[in-house]
2 protein chains.
Amino acid sequence: MQLTPPPLPAGAKCKRCSGRGQMRLPSHNTIFCSDCFLLFCRNAVAKAMKKFGIPRETDLLVAVSGGKDSLAVWDILNELGYRTRGVHVNLGIDTFSDESVRAVEEFASSRNLPWSSHSIADLLGWTIDEIRPRTRRSICSICGAIKRQMLNRLAVDLGYGTVVSGHNLDDEAGRLLGNILRNRTQYFDKQYPYLPSPHPRMPAKLKPLYRLESHELRAYCHFASIRPHSASCPYARGASSHKVKEALNLLETKMPGTKRDFLFSYLRNRKPPQTDLSELRLCEKCGAPSWLPVCSVCALKAQLDAKRGEPEPRPEG
Amino acid sequence: MQLTPPPLPAGAKCKRCSGRGQMRLPSHNTIFCSDCFLLFCRNAVAKAMKKFGIPRETDLLVAVSGGKDSLAVWDILNELGYRTRGVHVNLGIDTFSDESVRAVEEFASSRNLPWSSHSIADLLGWTIDEIRPRTRRSICSICGAIKRQMLNRLAVDLGYGTVVSGHNLDDEAGRLLGNILRNRTQYFDKQYPYLPSPHPRMPAKLKPLYRLESHELRAYCHFASIRPHSASCPYARGASSHKVKEALNLLETKMPGTKRDFLFSYLRNRKPPQTDLSELRLCEKCGAPSWLPVCSVCALKAQLDAKRGEPEPRPEG
């Protein structure tokens, strides 16, 4: 369930400039015109950057999928005067990945921003479409691990100390609630929108959109004339994270501000976690930081490569 | 949103005795006939009583509203061989309270169980119907405080050390999630289905139904030929606790067992809380345990009594 845009009362005015109201924010109990709304979003990101002490001179590598969130965060950081470069990971998911590159390309050229796309097939020799029928593990968790490792590597290769992602308030509140519901206390430590670099080969991770809701970012793209890739990943259907977000949106509709209060009150007394990396080594095969002699991505690659000669598994269903 | 009874596949059999399946329990991934289902519910309560170390000889005062949960817990404890007495608090809510007495009376005489009804008007001089238009505070929170104090007092007067209530898994999981969402950490300590008596005038509080879901208790009453009072309190509409339960039921429908896993994993590492009562005194007016010189119920009574001469406020709406 996506939250539908909250209806605007007839003749509503912007509460900031008294212009024509174009966007209602129930969780803030306010209404903005398009310009003041864009400013509101940029201020939310500026607030996050200030909170985490990221100076304007920091070079930022923005992980872009072509969806509304990653294009919005890239646009906002650029508007705020940060030097950014986009990096796209091509997962090799049929038309989904092509669409995704198209949206990034269109946005980057409209803003004249540097970017590059990198295929996981170059790293692994396999695409997600090829991996999925060859594994029993959840493809979402495999894909996540590959993306994380590729982004770490690209940051090191391109000389960036900080990777930005487009995770928004709904993502973060949903992740927190999901971990609480399953009592996954081991993940609580990493539930913070800024993780400083714990190792020269692991850049800092930054989520400057954690103060903005999903429906606000959809509206941001609309008002900023950004055309994001709107399809969702064909393999993520039925993911439990979607169901948790749906439950939170149900509460949000009935009690506006629930998501925000929940996440913010959790974050209020926390600080960026300090990770103990004394046990960390480097993967024997690729040199990536790893807790085991061979990292999970190289272990997966070895498993897949061993089956290379076998006939292609029949598609499911 | 109440969970609708999960549909039974045609020709379904009881997984325990192979008799005709009559009740599907998605969160346990099983199906029972009516007899095995009644046994399942009684076992769940027996497990709770064992966990909290409540011996069969304990005299139990059961707080009964006439709803499905309180009548079910009374019936189950009686079936398990506990000596029980029902106690009903008459809140004075128009036809709702009359209906509530009727259901308790019918059940108690069918089982030949001792019980009595006590009106809050006798304690306070005011009914909930009279208090509601005279206060700006939430009537649910006032009503809760009055009921708690009346039950404490009745337990002392009737010589009972333990008060049982019919709170079920949905109530407890909903309360926990509500407190987590609002970061009300001060209430976490009391989130336990057994609170030992912390003071001679405060009996132990026991919730033996915390392992059973709301829809299971509705079915229990059906199969045990109990006719509960089915209306919900006219003043509780729109309560935020209902919305949180609704969100949990949404998750439960899509991921059966979510409520149970959530509550049980929270309780797993906890023990009955030890309350520090060194600061507790007795109310100057009524002698009830209180943190302030005058307890909240006597303070409310004084406020209401001061307005006694004033004309009755006009009904809302």
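Predicted model: local features only at pLDDT ≥ 70, side-chain atom pairs only at ≥ 80, totals over all residues.
For the complex, the predictor gives an ipTM of 0.81 and a pTM of 0.87.

**Chain A**

- Chain A contains 11 helices and 10 strands, taken as DSSP runs numbered from the N terminus (helices H or I, at least four residues; strands E, at least two).
- The C-alpha atoms of chain A occupy a box of roughly 65 × 45 × 45 Å along the principal axes.
- Of the 317 residues of chain A, 36% are buried, that is, 20 or more other C-beta atoms, placed from the backbone, lie within 10 Å of the residue's own.
- Among the contacts in chain A with a separation of 6 or more, 69% join residues 24 or more positions apart; a contact requires C-beta atoms, placed from the backbone, within 7 Å.

**Nonpolar core**

- The largest nonpolar core has 139 residues, such a core being a set of buried Ala, Val, Leu, Ile, Met, Phe, Trp, Tyr and Cys residues joined through C-beta atoms within 7 Å.
- The residues with the most contacts inside this core are A:Val62, A:Leu77, A:Val164, B:Val62, B:Leu77 and B:Val164.
- Leaving aside residues up to four places away in sequence, A:Val62 touches residues including A:Trp74, A:Leu77, A:Arg85 and A:Val164.

**Contact between the chains**

- Chain B and chain A bring 18 residues each to the contact.
- Helices H7 (169–181), H9 (240–254) and H10 (258–268) of chain B each supply at least two residues of the side that touches chain A, and H9(B) gives the most, with eight residues.
- By class, this side of chain B has nine nonpolar, four polar and five charged residues.

**Symmetry**

- A rotation of 180° with 0.0 Å of shift along its axis superposes chain B on chain A (RMSD 0.0 Å), by least squares on the C-alpha atoms of residues with pLDDT of at least 70 in both.
- That is the relation of a two-fold axis.
- The same surface serves both copies, as 100% of the contact residues of chain B recur in chain A.

Key:
Residues numbered from 1 in each chain as written. Chains lettered and ligands numbered in written order. Contact = placed C-beta atoms within 7 Å. Buried ≥ 20, exposed ≤ 12 C-beta atoms within 10 Å, placed from the backbone. Nonpolar A, V, L, I, M, F, W, Y, C, P; charged D, E, K, R; others polar.
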